[in-house]
Structures are given as C-alpha cells and as structure tokens.
Amino acid sequence: MNFHSHKTQLIATAVGASLATVGVFSAYSAYTRRLRRKHLSEEIQQSLSTHKSNLDVNNLASTPPSNSQDPFAGDYDEELIREQLARNYAFFDDQGMAKIRGGTVVIVGCGGVGSWAAVMLVRSGVSKIRLIDFDYVTLSSLNRHATAGLTDVGTPKVKCIERTLKEISRWVEVDSRIDIWRKEEGGELLEDADWVIDAIDNITTKVDLLKYCHDHQIKVFSSMGAGAKCDPTRIQISDISSTVYDPLARSVRRRLRLLGVSSGIPVVYSTEVPGEVKLLPLPEEEFEKGPVKELGVFDDFRVRILPVLGPLPSLFGLHAATYILCELAGKPILNPLPIKNRKKLYERLLRDLLHRESKLTGQIINKLPIDEDDVSLIFEDVHRGRSVIPPHNVPSRPVLVRWDISQPLTVDNCVVMEFGEAEKHSTECGMLEQPLKRPEDVWGKAVKKVVDRRAEELRREREWVM
C-alpha cells in the first residue's frame, strides 16, 4: 500500500469515527428528550389521577363558578405550568408572564369572536377570566364557535367555553355568567377587570358598554363587524376614531361621539367593504307566532342575522387576545397601523370651511360652530368620504360647504364636494345677504333627497342618545 492510499484510508476512518460519534450524541440527545417527556407525562397523569375521585373532567361545565376553589389550582405543579407556557415565557420573559398570569379579563359576548379570544387568552397564561353571555349554543353556532360541538347544542355558551378552558388549563379560574350586561348594573359584572373584551352584536348594548368603560377608566377592546366579509388581509387593529368602511364601526363611532367619546378605544375591524348581503330570512312559521320584533329573547336583540364566514370572527377574536396579551405583559403593540391618518386633512377642511364661511357672511370669522371632530363626522361618517353630487366620486380635492345658505351652519347642513363643485355651489347659490338659487335648483331634487336623508340619520342618532 502506497503512502497516498494509506493516508486516504486514515482520513476515511477518522471521518467514519466522527460520524459515529455525532450519531451517538444525536441518539443520546433524542433519547434524553424522549425520557424527559415520558417523565413529564407521568407527572401530569399522576397530578390528574390524584383528583380523579373529586372531579369528572367530562362534566366540568356543571361545576360552580370559579369563585369556588379549583381543585387543580393549588396542587398543579409550577414546573408543569411553565413547561406548558414555555413559548410564552420565551416571548414575554418572566416579568411579562407574571403580569399575564395575574391578569383578569372579562369577555362580554361569547359567540364566534368571544369564544376564540377566551381560548387563546387561557392558552397563553391568563389565569382569571369571566365569561358573560345569556345565549345558548344552536346548530348555526357551530360554523364559528371555538368550543361548541353537536353535544353542546342547547347548552349555555359560557358553560361550553368553561369546560374547554378547564381542559386546557388546570389552574385557570373561570367565572361563567349566564347573563346579559346592562349599564344599570354593569359594575358588578366588570368588577376587578384588567381588560374587557366587547364582543357584543347588539349596537345599543355595545355602545352602552364602551361608554361605561370609558367613563369608569376600565380598559376595553371592542370587536366590530365580522359578518358578511371574507378577506382576512383586511383585518386590522386601530383606535375607534381611525376605522373606515365598516358599517358597524361607523354607527358605533357616531353614537359614541355624540356621547362625548371620540377616541381612546382600541378595536379590531375589517376595511373590506361588505358585499350585497341581506339578513338571513326568518322561516314563515316564525312570522305566524306574532310580530317579528317580539320574537327576540331581549328587547333590541336581532332575531335575524347577517351571513358569517366562520374564520372571520375567529380572526377577530385572535386579534383581540393578542392585543390584550401584549398590553398585560407590558409590551404593547405601540403603533397599530391605521388605514388612514387624516388629522391634517380635517385641519385643512376646517380652515377651508372657515374661509368659505367668511366669504359667505362677508365678515371675518375666527371660530366656527363645528370643530375637527365634527369635520371627521361629516366627512367620514355622514358622507363616507365622497362627494354629495352624483356619481358620488371620492374627491381629489375635497371641501366642505354649507348646503342651504338660508339655514345656519350645522353638522347636518354641511356637505362634501369636489373643489370645482363647491365653487359652482358658492357662485350659483350666492352669498348670505344675496341668495340667488336654492341648492336643489342647482343640483336637482335627487341630490336634495340624499342630503335630507343623511341629515335625518343624524337627527335620529341624536334622539337615540338623548
């Protein structure tokens, strides 16, 4: 054997030995991981079997509310808890997780949104949770509810969720209330809450809850409309004041503004414009029972619902849970990306309106009877960011003008126009002391009907608030 072949053989032998060594270490590492998991599994089973005689896991829904002692809470090993939450500890660290585990979250509304939020909050370490909902699981709930199965049909939603939460987390305290939140007695149900999740469908109760939390400095996160939408890429978190294109958000925002709340409430909503969908029809036999509005379990609750694609409410619930977890841990999502940031636009619209009103009255005006919040209301909510003049395009240079110069400047007597349309309006309708034409004579009766209809919407909402 020559020198080169001998050297090659030695190298091959060395490489083989190295590979064998690596293989041994790899196998040993895999073996120790399997052994550790086996021991951990045995510890969990031992912990569970200790309490088997005291608790039937399959009947957790019938256990008393969590203000009674959870039989697992005191004895469940801290090492097991940390192992279950290992990924969360890696993300938030010990200090952040201590805050999460010490937090109390109240979820009002436990349907498609609230159930998913509850599940992920508890999976992530929240140890105290209160569930509030008066409703029961139906067959139609199963396309979107996080925990409900066929055997749960006819049972309270909160009890259905409670059972699953207890199966996920042996140390969680669940206070499930088969109840409806009312502002007259809202303090009791929201007691000790670090965060409240509003997942209510009914707009009156939703606004009442948000207003109550705002007035009592209770942190609240609200879910807007997930119905009739299908595009998950349009879902985002923002302040209520920055929502756009969501009809439910628009109604909530307008009513809150009339109650003196214009911002400060984080929400999850979708910028997807709802398609041409209608409320699901009621069966003919339901109409035969009596007036439709009397068929609801509670006043003002809908007996017909919008079509819902199941994944969308679940994503809304996951957004809510994620936001609250980060807030509890002291690592908030600092700048949720708003779809719009129009403060400068509102300032410009207000300055331009001030200039136009000065020309209209022939006097120098320093302050108008409407402010930036009103400008936002007029532009975003009343006129949807579009010109009042057909074909109702989005203006490239939007302006606000007084519609009827014979009437005072108010929110419902102010409309959006393109700059050129506004110039025509001012020229043909004249000045305050020299009116020339009525606005309907310039733009037609169809436009006047649009203005009158939107003004009536505002008046109805004011009456609702009062």
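## Close-up views of a predicted model

**View 1. Lys229 and Asp246 meet in a salt bridge.** Here the side chains of Lys229 and Asp246 come together, 3.7 Å from N to O. A salt bridge here is a side-chain nitrogen of Lys or Arg within 4 Å of a carboxyl oxygen of Asp or Glu. The two residues come from distant parts of the chain, 17 residues apart: Lys229 is in the loop between strand S5 (220-223) and strand S6 (235-239), and Asp246 is in the loop between S6 and helix H8 (247-258). Both Lys229 and Asp246 are buried (buried is under 20% relative accessible area, exposed over 50%, partly exposed in between, with a 1.4 Å probe and protein chains only). Helices (H or I, at least four residues) and strands (E, at least two) are DSSP runs, numbered from the N terminus. This is a predicted model, where local features need pLDDT of at least 70 and side-chain atom pairs count only at pLDDT 80 or more, while totals for chains, interfaces and linings use all residues. Residues are numbered from 1 along each chain as its sequence is written, and side-chain values use heavy atoms, with hydrogens and water left out.

**View 2. Glu78 pairs with Arg101.** In this salt bridge the closest N and O atoms are 2.8 Å apart. Glu78 belongs to helix H2 (residues 78-84) and Arg101 to helix H3 (residues 86-101), so the pair links distant parts of the chain, 23 residues apart. Glu78 is partly exposed, with a relative accessible area of 36%.

**View 3. Arg384 reaches Glu457.** Their closest N and O atoms lie 3.9 Å apart in a salt bridge. Arg384 sits in the loop between helix H12 (372-382) and strand S8 (398-402), and Glu457 sits in helix H15 (residues 445-465), so the pair ties together parts that are 73 residues apart in sequence. Arg384 is partly exposed at 33% relative accessibility, whereas Glu457 is buried at 18%. The model has 26 salt bridges by this rule.

**View 4. An open sheet has seven strands.** Their order is S3-S2-S1-S4-S5-S7-S6, with mixed pairing; two strands pair if DSSP finds at least two bridges between them. S3 and S6 stand at the edges with a single partner strand each, so one side of each has no neighbour in the sheet. From one strand to the next, the twist averages 15°.

**View 5. S2, helix H5 (residues 157-168) and S3 make a right-handed β-α-β unit.** Right-handed means that, with the strands pointing away from the viewer, the path from the first strand over the helix to the second runs clockwise. Strands S2 (residues 128-132) and S3 (residues 173-177) run parallel, joined by five bridges; Ile132 has Arg177 in S3 as its bridge partner. Arg177 also belongs to a network of salt bridges with Arg130 and Asp175.

View 6. Cys213 is buried at 1% relative accessibility, while Cys230 is partly exposed at 48%. The model has zero disulfides, a disulfide being a pair of cysteine sulfur atoms within 2.5 Å.

Definitions and conventions
Axes are lines fitted to C-alpha atoms, for helices over the stretch in contact, and angles run from 0 to 180 degrees between N-to-C directions.
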